[in-house]
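Subject: Structure handover

Hi,

Here is the structure I promised you. Please open it alongside this email and follow the residue numbers as you read.

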Amino acid sequence: MLSLTMATAVVVSFAFVVGPDDGGPVLLAWSLLCAVSILRRVRGLGGEIRSVFRLIGLGGLLIPVGIVVREAHGVAVGVDQPIPSPADILHVPAYVLAVWATYRVFRLRTIDRDAGAWIDTVSIAIVALAAIWMAYLGDLISGDALGPAAKVMHISYTVLIATAMALFLRIASTPGTRPTSYYLVGGAGTCFFVADLLLSAAQVHPVPLEVPFFFTPISFSLIVAAVIHPSRERLIEPAQRVDRSVGLFRVATTATTIMAPAAMLFVQDGMDSTDRTVLTLAIVSLSALVVLRTLGLLNEQQRLNQGEKLLAAEITGAAQAKTTTEVAKRVLPGIQRITAERWQLTNTEPEVGFVLHPPLQKALGAKAVALAAKSLDPISQRQAQTFIREAAGICDRLQQAQADADRALHAHAQKQVAASEKRFRSLVQNASDIFIVLGTDGKTTYASDAIARVLGYEPEMLLGKQLNTIVHENDQEPAARHFMAVLNGSKAQEKHEFRAYTADGEVRLFEAIMTNMTDVPEVNGIVVNGTDVTAERSLERDLKDAETIDPLTLQLNRKAFIQEIDTALRRASISGAAVSIAIIDLDDFKTINDALGPVLADQALVETANRIRRSVRLGDVVARLSGDEFGVLMPDGYSSLESVAAIERVLAELQIPFELDRHPMSLKATAGLSIDVGGSDTASVLLREADTALGMAKKSAPGKSIMFEEEMGSAVSERLDLRTGFERALQNDEMRLVYQPILDIATGRIVSLEALARWKHPERGEVSPSIFIPIAEDSNTITPLGEWALRSACRQVNEWTLRGLSDFTVSVNMSGQTLIEDDVITRVRSILRETKVDPSRIIIEITETVLIDDTEFIADRISALRALGVALAIDDFGTGYSSLSYLQRYEFDYLKIDRAFVRPLAAPENVKDREIVAAIIRLAKGLGATTIAEGIEGESEHLVLQTLNCDRAQGFLFHRPKEVNEIFEILCEDLALDIAA
């Protein structure tokens, strides 16, 4: 049904343009039919969308009826298209209904009350009105051909259409769903605006009436299609979030409002006083709106900054409380200060958006605090919820610390009561919570009863066993080292922390003191006094400054990680120990984020942090440096090999499969390491070296870890020098184009040239394209390079044409990065107009790998480029990942077969390669494309391609890339032209 409607509309439009002069009734009949169809379809809809399409349908019905009335009135009074007319009684309400329907769509799709966005909309409307005034309305109003009433009507129509245009643009910039009906309605509005503005401009300028009337049936048909399409209900579906970012639309709006009046003054010749008055009013109005917009943005930014500072202050204040009751007392006033007047806080809110954590509820007694989510500012809501979550966590930790203290005091009291023997008294003097006696062989000879209470083991279970039985595997080596230091007498007493497993498998943290009491007969061993400090250490970590903790993974952030590195380096400068750091980056995390969404992606990051934490030693420091990048600091004297081995264990741990919300997952990461011995480097140096090693690993060994070497720094430094030099090369005329001929394979004549960029560095000489092209892509200068190459090639084509050479085309490469940029079509069109080149002489080559990214989007871009008059070629075909079936989805003129397929043709035994090339040639010919074989270096390859009916050939067998003067002589000789150089 949709296809039939649109096809009929196009037929009606073409029938009017190319058919007889009385095609107007056909257009009116089609418009009336569409308007009635819209109103009939609307009856089957429900809710707000029904009212929107009803307004559109009524307005659409009034327009053709008004046209009939205006024609009849014109015949009666003998005036062609009279204004004013009784038809305006129908047309003005039709325009008002269109504006009202557009406003309704905007209000239904928008959930915020962004006053600044309305300033943007008004700015666009003013610019549109000023532009229309300069285009035709000024001449129409200032002339004597119209009476006052007609001028008022023209102004009214212009204001209404400009208002609708501004609202359309405002809808386009608003977050929300974009179903097919969204684009259908947008297309209808665009056709309507174009037709209306062209009809109005025809009053002053010689505009063929067939052009605006061509868009009329298409506009009505698009609305019918939108009503019919199943996605019509989603047209008014609002955004799920408030977008207050300064996006492209707002930047473009500000730039347009500032530059548009000046541009109008610049392009307008012979401007009379009325035009200057209109433009002056526009400039004054736009300046005021820009000031208001800027003040609004500054005020919003200031509010956000104040809110973040206040949140940090409230969390710090809550952390200083001694009891959960004190924390709870801070909650209500703290939330009130954070949210100011933007939230309504009550004790009996029926719709609960967030309920306080149970410890806070208990401390507050009967008071229950609920926040109504639908009336809250999202930014203040996030800040308040963060504060509530932190306060609840502080209460949890305070309660746990109190309980642990009570247990410790109780256990200590029991030990003192039972200390009747000398051996037990000697142990108690050095014990805090639990104690164990180890023999000189490291086996347990005594374990206190506290073992059962704290860890769940009966003391007899540990007798005769090594302490490693219960110590976490990553802490066993440090614990053994401390034991030997005390046993050998190098230290009389050693204090350290280690993790131990409970009988239930839980991991607890202990602060242990080892004391050598082998000289006490009643003891005769190493006494290990252990205190469970799990809760205390957790509380200490959580009470640190909020700026040092990553709120998602609860690991250190980059700032705190750098501080830890500095501390480790200062210690190493005294001890001479080695300090290693690693930067771990998840591979292809963007795919996880795109596939599962940000919520599950965040859970994957939390799982990553937990696995890294479990895989490293207790004394190692883990941090989240950025999105999916983590850091590990190893300060305890690991060698290079040991550091790499430790990080390899981390990478292996990350690859263990797991499930995330029933989605099977497997993480893969790459790491770069750097090591310093003796604390001679700084944190910034170590981080830079580790980042350099990570970059090398990403390129050469993804999924592995690489230690930084000095050669890497030299390579990076050289690449940086080249990158800096390349950014200046375009401005310093260091770049030039050379040209390689492309021959007709049957006749041997030159039919085309490929333009290739070359860079002559002032110090290094010629730099290979294989070096500077990747640098250009990485530094985002590939697009300026491509524009320079296209502009230079176009100018060279014009110069050759003036000198009598015009029977060939020139191809220019376009990067995939450039193809997906928003304004690429505009820039190419601008270059073609600027150089005044014949577009049919230009071929734009696009690498095949671009075709697999977004089929529909790339196809639209290719069609838009071909619409400019240039030809399109797919370069390096066969080197990417696309299949031959992809070629059927794109409109292209040339297919260049990559040299990887051409070279094997020289060997007769390579039958498969020959069949592949033959299939490519047959498919290209079936699609109407010309085939070009690249990289031909031998005559045997040339002969095979001739037998396979390849169209064109390119390679060193015929010509290498030549400078401009050389290629001119070759062209003259090839074309047998007597042209003076």
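Keep in mind that this is a predicted model.

Start with helix α22. Which residues of α22 are buried? They are Ser643, Ala646, Ile647, Val650, Leu651 and Leu654. Viewed down the axis of α22, these buried residues fall within an arc of 145 degrees, so they line one face of the helix. α22 covers residues 640–654, which is 15 residues, and at 1.5 Å a residue it should span 21 Å. Its end C-alpha atoms are 21 Å apart, which agrees.

β5 (residues 493–501) pairs with β6 (residues 507–516) in the antiparallel sense, over 9 bridges. Glutamate 497 stands opposite glutamate 511 in β6. The two strands, β5 and β6, form a hairpin with 5 residues between them. In the turn, glycine 505 has a positive phi of about 90 degrees. β6 also runs antiparallel to β7 (residues 526–532), joined by 7 bridges. There, phenylalanine 510 has aspartate 532 in β7 as its bridge partner.

Last, strand β20 (residues 871–877). It is mostly covered, with 6 of its 7 residues buried. Strand β19 (residues 842–847) runs parallel to β20, with 5 bridges joining them. Isoleucine 844 stands opposite leucine 872 in β20. β20 also pairs with β21 (residues 894–897), in the parallel sense, over 3 bridges. The bridge partner of phenylalanine 877 is isoleucine 897 in β21.

Best wishes

Note on methods. Residues are numbered from 1 along each chain as its sequence is written. This is a predicted model: local features need pLDDT of at least 70, side-chain atom pairs count only at pLDDT 80 or more; totals for chains, interfaces and linings use all residues. Side-chain values use heavy atoms; hydrogens and water are left out. Helices (H or I, at least four residues) and strands (E, at least two) are DSSP runs, numbered from the N terminus. The expected span of a helix is 1.5 Å times one less than its number of residues. Buried means under 20% relative accessible area, exposed over 50%, partly exposed in between (1.4 Å probe, protein chains only). The arc is that of the directions from the helix axis to the C-beta atoms. Two strands pair if DSSP finds at least two bridges between them.
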